[in-house]
Amino acid sequence: MKWARATPSRVATVLVAATVLMAACTGDDTSGGPDPAAGRDDPTSTTVDRGVSEVEPDEVRWGVCPFHVPAGAEIDCGMFDVPADYDEPDGETVTLPVAVVRSAHESPAEDPIVYLSGGPGQSTLEPVPMTFGFLYEPLAESRDVILVDQRGTGFARPSLACDEYDGWVEESLGSGLDADELAEQGVARLEECHERLVGQGVDLSDYDSAASAADLELLRRSLGHDEWNLYGISYGTRLAQTILRDHPEGVRSVVLDSAYPLTADLYEEAPANAARAVDELFELCEADLECAERHPDLETRFAALVDDLDERPLPVEIVDASTGERVEEVLDGAGLVGFVFQALYSTELAAHLPELIDGVAAGETGTVGVLLGALSQQSDQVSIGMQLAVQCREEIAFGDPGSVESAAADQPLVGRFFEAAATLGPGVFDVCETWDVGAAPEVENEAVSSDVPTLVLAGSLDPITPPAWGRTVADHLESATVVELPATGHGVLASRECALAVGLEFFDDPASAPDTACVDAVEAPPFTAGAVEVEMVPFRSEELGVSGLRPEGWSEVAPGAFQASPLVSLLIQPVPGASTEQLMQQLAIRLGLDTPSEPVGQQQSGGLSWDLFELEDLGQRFDLAVAEHEGGLWLVQLVSTPERHDVHAAQVFAPALEAVEPVS
């Protein structure tokens, strides 16, 4: 049966493509959606017997890492073979990439942490160069961290990535096709991927949570660990629960970050969960005196803006994050709702939402276009084939399309986005009918019980896995502690120093309740420029050959690249073999300027003579300082928003430039 539904705009289509890839992966109020356990018996969980105990694990074949190893990091990489089908352990195999981040501690604990990515389908190893500094390195403070690309994802072979679909996401931008044609194309590309994978001999029923849990149990035995600790985020929390259910003997402790209960109905509850997070954002702004004054009555004005955009969409330039190419599109109400929903995943980006919403109300869509371009790239980071294999079998098989459609209709503000979503709303049932992976055993829809010490982390702004879900999971765990971080989005540990401290203390002593006093000190997002306070601290990079000052608390996403949010960053970099003229010509081309910008001033510091430039493009302000030296340039660049520019220029750019000093 085909279900009638609204058709999405092209911008909403891009957001659907990006969002569904994070939806399961990746408020102190239970009204954020129906109780996942409502109307169901209190279950006594059983295990899914994969016969793992009878399988002799292979050894890891250690070799070269398939990614760039960050400077100063010690990471061992290898490949590990597991049965494709545990019912036929001597048959075809699946190859999983493995990486072990070695702790810098002089005497690391013997029990490592295993990181379980979200998705399902998200690669763990591909983003290591970007995520190492703010996630894996802190986790490795006192014990090694084991990273694995789950079967079907990332560098694993076979891969269930759908290049057909990923390419279409980018091609659809600026295509001029109407919404109906786009929806049909998206489903058709997924069908093409399905046919290709099956034609290559891939049995999609081999790709589920129980199989991935069995893979990890074999890896634990192969590496010789009597016990290890699990850290799962989003869908990774569901995989962690599956391991607790099927292979608890090797688990010392568990951290569930942004928990996803097995009993949850992700697709039916998504609209209400999103609406709860949007309401939480507006309440935080209203409670903040500066935000309330700068962005008064934001909730009412946002609802009116969404209606206006449905009547009169605004033009928006979506920027390809890799090439800089710009595509003309339009932003309608569903697109804006989807954008806000997606932005709430990020604790840092949520701080900019009042500013961005008011910008759109004033006709300024440049910054939204930049972020939409970045979101369109996310489809390359997740294996959509793996995601559908898992979700169609373990989630959709227990759902009802009519209920999903009704749930969207019950949320008039955010529902327009979900009801238009081919793979996040009612349309996902059509996709799963084609994907044809069957239904999982009933145990995959039952709560997991365990006495293993567990820490559950939740963010009040999380739009997809609300705090109520964390409490639902904890209700069935005998030794669980739930910690909710206010004003925090999806993926709590990497977003808040408080959450990281609590998590590390828990791993060190899971038998004791961690000290959570820091939670009371977590502040609301800096919604306005007046709330921004940045402290600069010394840093030194041997890889870049530079020392200076960097913003404390900003994530180092690459050597010399520090990010406060997707909209605010500081870059301190050498540019070998380039001149100032060449650099500014290339920048003019990328920004679509007729002529290169001219310096607005000069400065002497660090033994260098700097030319200073100021640019503005698509709602972002750029401060550049360029100094020529033997063999190339030194570049210091600040990117900020117009509202926060002056504060960041004074607190970040000026002291960073003054302190830069090349070192040999």
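1. The Arg143–Asp508 salt bridge. In this predicted model, arginine 143 forms a salt bridge with aspartate 508. The closest N and O atoms are 2.9 Å apart. Arginine 143 lies in strand E5 and aspartate 508 in helix H19 (residues 497-508), so the pair ties together parts that are 365 residues apart in sequence. The two ends differ in cover. Arginine 143 is buried, with a relative accessible area of 3%. Aspartate 508 is partly exposed, at 44% relative accessibility.

2. Across the whole structure, a search finds 25 salt bridges.

3. Aspartate 208 forms a salt bridge with arginine 393. Here the closest N and O atoms are 3.3 Å apart. This pair, too, links distant parts of the chain, 185 residues apart. Aspartate 208 sits in the loop between helix H4 (179-199) and helix H5 (209-223), while arginine 393 belongs to helix H14 (residues 384-394). How much of each partner is accessible? Aspartate 208 has 2% relative accessibility and counts as buried. Arginine 393 has a relative accessible area of 14% and is buried as well. The cut-off for buried is under 20%, so both values qualify.

4. The H4–H5 loop again. Aspartate 206 lies in the loop between H4 and H5. Aspartate 206 is buried, with a relative accessible area of 11%. Its C-alpha atom is separated by 9.3 Å from that of valine 437. Along the chain, aspartate 206 and valine 437 are 231 residues apart.

5. A salt bridge with an exposed partner. Arginine 540 forms a salt bridge with glutamate 542. The closest N and O atoms are 2.7 Å apart. Is glutamate 542 buried or exposed? At 55% relative accessibility, glutamate 542 counts as exposed.

6. Strand E10. This strand covers residues 454-459. Six of its six residues are buried, so E10 is largely enclosed by the rest of the structure. In a regular strand the side chains alternate between the two faces of the sheet. In E10, Thr454, Val456 and Ala458 point one way. Leu455, Leu457 and Gly459 point the other way. The residues of both sets are buried.

7. Partners of E10. Which strands pair with E10, and in what sense? Strand E7 (residues 251-257) is joined to E10 by four bridges, and the two run parallel. In that pairing, valine 255 stands opposite leucine 455. Strand E11 (residues 480-485) is joined to E10 by six bridges, again parallel.

8. Strand E3. Residues 93-101 form this strand, which is mostly covered. Eight of its nine residues are buried. Strand E2 (residues 75-83) pairs with E3 in the antiparallel sense over nine bridges. Proline 83 stands opposite threonine 93 in E3.

9. E3 and E5. Four bridges join E3 to strand E5 (residues 143-148), and these strands run antiparallel. The bridge partner of valine 101 is valine 145 in E5. E5 is also the strand that holds arginine 143, discussed in the opening point.

10. The E14–E15 hairpin. Strand E14 (residues 555-558) and strand E15 (residues 561-565) pair in the antiparallel sense over three bridges. Serine 555 has glutamine 563 of E15 as its bridge partner. Two residues lie between the strands of this hairpin. Glycine 560 takes a positive phi there, near 80°.

11. A negative surface patch. Which residues gather in the patch of negative charge on the surface? They are Asp279, Glu283, Glu286, Asp297 and Glu299. Helix H7 (residues 266-287) supplies the largest share of the patch, three residues. Glutamate 299 has its place in helix H9 (residues 298-311). At 45% relative accessibility, glutamate 299 counts as partly exposed.

Key
Residues are numbered from 1 along each chain as its sequence is written. This is a predicted model: local features need pLDDT of at least 70, side-chain atom pairs count only at pLDDT 80 or more; totals for chains, interfaces and linings use all residues. Side-chain values use heavy atoms; hydrogens and water are left out. Buried means under 20% relative accessible area, exposed over 50%, partly exposed in between (1.4 Å probe, protein chains only). Two strands pair if DSSP finds at least two bridges between them. Patches are made of residues with over 30% relative accessible area and no salt bridge: like charges are joined within 9 Å, nonpolar side chains (Val, Leu, Ile, Met, Phe, Trp, Tyr) within 5 Å. Accessible areas come from the Shrake-Rupley method with a 1.4 Å probe; for residues, only the protein chains shown count as cover. A salt bridge is a side-chain nitrogen of Lys or Arg within 4 Å of a carboxyl oxygen of Asp or Glu. Lys and Arg count as positive and Asp and Glu as negative; His and the chain ends are not counted. The place of a charge is taken as NZ of Lys, CZ of Arg, CG of Asp or CD of Glu.
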